[in-house]
Amino acid sequence: MGVEGIGARVLRKEDKRFITGKGKYTDDMVVPGMKHAAFVRSPHAHAKISSIKVDTAQAKSGVIAVLTGSELKADGIGNLICGWMIHSKDGTPMKMGAWSPLATDKVRYVGDAVAIVIADSKGEARDAAEAVEVTYEELPVVVNALDALQPGAPEIHAEAPDNLIFDWDLGDETATNEAFAKAAHITKMDIVNNRLVPNAMEPRATLGVYDSGEDHYTCWTTSQNPHVARLVMSAFYNVAPENKLRVIAPDVGGGFGSKIYIYPEEIVCLWASKKTGVPVKWVADRTESFLADAHGRDHVTHAEIAFDKDNSILGLKVQTIANLGAYMSLFSSCVPTYLYATLLSGQYAIPAIHANVKTVYTNTAPVDAYRGAGRPEATFVLERIMETAARELNVSPAELRRKNFVRSFPHQTPVIMCYDAGDFDATLDAAMKAADYAGFEKRRQEAKKSGKLRGIGMSCYIEACGLAPSSAVGSLGAGVGLWESAEVRVNAVGTIEILTGSHSHGQGHETTFAQLAAERFGVPIDSVSIVHGDTDKVQMGMGTYGSRSGAVGMSAIAKALDKVEAKAKKIAAHLLEADEADIEIKDGDVRVAGTDKSVPWFQVALAAYTAHNLPSGMEPGLKEGAFYDPSNFTFPGGCHICEVEIDPETGTTEVVQFVAADDFGKIINPMIVEGQVHGGLAQGIGQALLEGTHYDENGQLLTASYMDYTMPRAFDLPSFKVMNTETACPSNPLGVKGCGEAGAIGSPPAVINAITDAIDNNDLAMPATPQIVWAAIHASK
Amino acid sequence: MAKVELVVNGRAVKGEAEDRTLLVHFLRENLGLTGTHVGCDTSQCGACVVHVDGKAVKSCTMLAAQASGSTVTTIEGLSLNGELHPLQAAFREHHALQCGFCTPGMLMSSADIIRRHPEGLDEATVRLELEGNICRCTGYHNIVKAVLDASEKMGKGAEKAA
C-alpha cells in the first residue's frame, strides 16, 4: 500500500468545504426567480376529503399559486409506486393501494400531502397554507399492525380490503416442523422491533426548475440515488422523459435510507414549476420530516428455535407482522422479506428455517429501509432468542453461539443466501478479549457493592451487503438491476476524474474512491476528483444504500481502472519500445520492469491525447467506463459486546463498555470504516435505549420533534472499542464487504441482552427507557 | 420590516427583514452565509450555532432584529487569514465529520466550550457540554476526540483563539 493507497488512513478530501461552511446542500441553492413552497398536510390520520377551497389562500399576500391533486392528475402525473413485487404464498401479487402525490379523495396518515402553496417567501407560503380550507369527513383509524388485521378494522385501501398487503413465506415449513418434532429443547419468544424515524440532520429538500425554452426540468434534491430518482420520475410518474430531466443531488446531509425514495414533494415541485413558470423550492421543517419521511422497522414477531440434546440448532420458526404504514414506499416490500428472512440463519448452521411475513397497512407514515433495512430486524430476532436459549439451557451465551457457527464456506442456508466467506470464531474471540468477557463476573460483583446492576450481552450478526446481483434480485421481484457504473477519465496532464453512480452523503467517497486510483497508478489523491450526484455528468447509477458503494461502486471503478491501465500500458510499451507484458505502473511512473527505462504517468496521458505516436490503430484518449454487476451478495459479520450498569432506583442504563469486532473484508480506509461503525452503533444503541416513535390511537404522532423523540446525544454514548478481523470477500475484485450498516445491525440485541442480564428479567421492550427498565426490574421481583 | 445592522465576520452589514425573520435566516438568505444550517424547529439540534458578541447562540432562537447592533461570527469567519482554526484542523484530523451538516454548529459550539474551560477539558465534560448539538453520523466518538485534542493544542491560548 502506498501512503494514499488501499488500506491507508487518508484524511478526507471533502472535509475542507464542510469545516469552513462551504458545503453546498439543496437548501443552499438559489436560482433567479426562485419561489418557496409549503405543503398543506392532513391533520387527520384517516379521512375523506369533502372539499378543498383555495380562494382565501390564493388571495393572500405574496401567493403565486395554490395547486391541488386534481390538477396534478389532470396533467397526467402518476401515482407513487413500490418497485419490488412480492407475491403472497398463494401466488397472488401484493396489494398496492394507490398513492397520489397530492391526495384527492382520501387522506391516510397525519402528514399526507393535500395541496402545495407557492409564494414569494417561505413565511408567506406557510401563512397561505394555513388558509387553505380542506373539509374532512373523519374515518376510523388504526395505527397498530395487529389491530389492522383484526376483522372489522378500518379499511385503508380498497385494493387491500383486510389491510393485508401480502402473506409471504420463505423456507421449508414441513422440514422445519419435522426438525422441531425431534427437539430436546425449544425456546419461544415474542419480539417487537420498535418503529424509528431516520432523522438525517439535513431535512429533505427539493428545488424544481422548469425551463420552457428547452422544455427541460432540473431537480435539485436530497437524494441517495439521483439516477433512480430520474428513472422513476420519468418512467412511472410521467414528470418528463429522462433526456428532459436532470436530477442533481449535491451535498446531502445524511440519508440512512430515508433519502432513497422518491417522495411526493420532488414530483409536485417539478410539476408546479412548469405550472407556475417559476422555480419552486421546498425545504422540510423537522416536524414535517418526522411526519412524512419514511420510517423504519416496526415488526412484531413470534419466534421459536429448536435444539437437540447437544445444543445444536435443529430449526427456526419465525412469524412476523410488519407495519408498512399508509402507503407502500418505493422499496418497502423487500425490507421485511428478502432483506429480512434471508438473514435469519445468522452465523449459524441451521438445517431448517421457516419464516412467514405478513405486511399490513395502517394509518401511519410509510415504512421503508432505514440503516440496515431488514437485517437489524433479523439479527434482533435471532440474537435475542440465542441469548435467551443459552439462559434456558444454562450454558454460556458465547459457547452456545460458537457451537453452532458456520465454519465451512461456501455455506448454503435454507433461506436463499449462500455465504461466501467468514470467520465467526475470529470476531467472537476478538470481541471477548477486548471486552474482558472472562473478567465480567468480578465487575458485576464490584458494581453490586455500590448498588448497581451490571450486565453483559453479545450479538453475533451477519448481514448481506453489496446489493446486489441483478438477475438474482430480478427473479425475486425487484423492478431494477443493482449493478453500478463507473467512468475513469484521465486528463491530458495525467490528472484523473472518476465518475460514479454511487452517491456520497457522509461516506467519504471523494477520498476512498480516489485511493483506488492512487493505489493503481501511484498518483497523489489530490490529482483525482470524484464526480457524482448529477445525472447530466454521470450517465447512470443505482446510488448508495445497503452498504453497496464499496462492494459494487468501487468494484465498477476497479473494472474501469483495469481498462485504463491496460490501454496506458499499451501506449507506454509503444513509447518505450518494450513488450506490453513488461510494463508496470508504480509511484507515478510507467516503467519497463527490471530496467531503468520509464516514462512519467502524465506523459503517457499526454501521448494518449496528442495522438502523435500511438500504437497503430489505437483510438486517441484515455477514458474507460465499466458496469459492474456483482456475482453474489457480500457477508460482513461480527460480534458486538455491550456492558451496562443500571441504577435500580431510577432504571437509568449507562453503557459502560461497547466492543465491536467486525469483518468487513478488505478495508480501503480504516479511518472512514471506523467512523461508519461509530455512527451505526450510535443509531443501534439509540434504538435500544432512547428512540421511540409513538402514535396515539387517533394516529397523531406524539413524537414529532426533538423535544419528544429522543435522539442519542454525546452524553448518552460511551467511546467505542472497534476493531476488525479480515477474511477477503471472494465475490468482488477488491475483496471488500461493506461497513455502513453493521453498527446499527449488531448493536440493539447486544444492548438488550446486557440489560436483561443485569435485571434478570428477559421481558423488555425497546427503547429501554429508565421507566421501562425500572418497571421490568420491579416486575421481576 | 425591521432594520438590521450587524458586524458579521468582521464586516459591517445592513439589511431589512420581516419582523419575524430569525437570525439564521437573515444570515443564510440576506447575507448568503449558508454555512449556518437549520436542522430542526425547536432549538434542539444546534446546526445553527453562531457566536453573537463572543458567545455561542443558536441563531434560530434569536430574531434578526434582536441581534441588530451585535457582532456575529459564523462558521465562514471561524478561520482567519486562510488558516484553519485549531478546531477545524482537529475535526479533519480525527474524522469528526461525515455528512458535514451538523459540523458548522458543532465547531462553533466547541469553540465556545473551549473558551469557557480555560482550565482544560475531559471527556465527560465535553460530552455533557455538547448536549445542544445533535450529530446523526459520527456517534460523537471522534467529535469528542477532536474537541479534546484541539483544547489541548490551544492550551493556555484557548481563550484568545476561540
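Trainee: In this predicted model, is Ala492(A) buried, exposed or partly exposed?

Mentor: Ala492(A) has 14 other C-beta atoms within 10 Å. A buried residue would need 20 or more, and an exposed one 12 or fewer. The count of 14 lies in between, so Ala492(A) is partly exposed.

Trainee: Where does Ala492(A) lie, and which residues does Ala492(A) touch beyond four places away in sequence?

Mentor: Ala492(A) belongs to the loop that lies between strand S19 (484-490) and strand S20 (496-500) of chain A. Leaving out residues up to four places away in sequence, the residues touched by Ala492(A) are Ala605(A), Leu606(A) and Tyr609(A).

Trainee: What is the separation of the C-alpha atoms of Ala492(A) and Thr653(A)?

Mentor: Along the chain, Ala492(A) and Thr653(A) are 161 residues apart.

Trainee: How is H18(A) oriented to H19(A), roughly parallel or oblique?

Mentor: Helix H18 (residues 670-689) and helix H19 (residues 742-759) of chain A pack with their axes 7 Å apart and at an angle of about 40°. H18(A) is therefore oblique to H19(A). The residues of this contact comprise ten nonpolar, nine polar and no charged. As for handedness, the crossing of H18(A) past H19(A) is right-handed.

Trainee: Which element gives the most to the side of chain A that touches chain B?

Mentor: The contact joins 43 residues of chain A to 44 residues of chain B. Elements giving two or more residues to the side of chain A are helix H1 (15-19), helix H9 (286-292) and H18. By class, that side has 19 nonpolar, 15 polar and nine charged residues. With seven residues, the element that gives the most is H18(A).

Technical notes:
Residues numbered from 1 in each chain as written. Chains lettered and ligands numbered in written order. Predicted model: local features only at pLDDT ≥ 70, side-chain atom pairs only at ≥ 80, totals over all residues. Axes fitted to C-alpha atoms, helices over the stretch in contact; angles between N-to-C directions. Helix = DSSP H or I, 4+ residues; strand = E, 2+ residues; numbered from the N terminus. Parallel < 35°, antiparallel > 145°, perpendicular 65-115°, else oblique. Left-handed = near helix turned anticlockwise from the far one by under 90°. Nonpolar A, V, L, I, M, F, W, Y, C, P; charged D, E, K, R; others polar. Contact = placed C-beta atoms within 7 Å.
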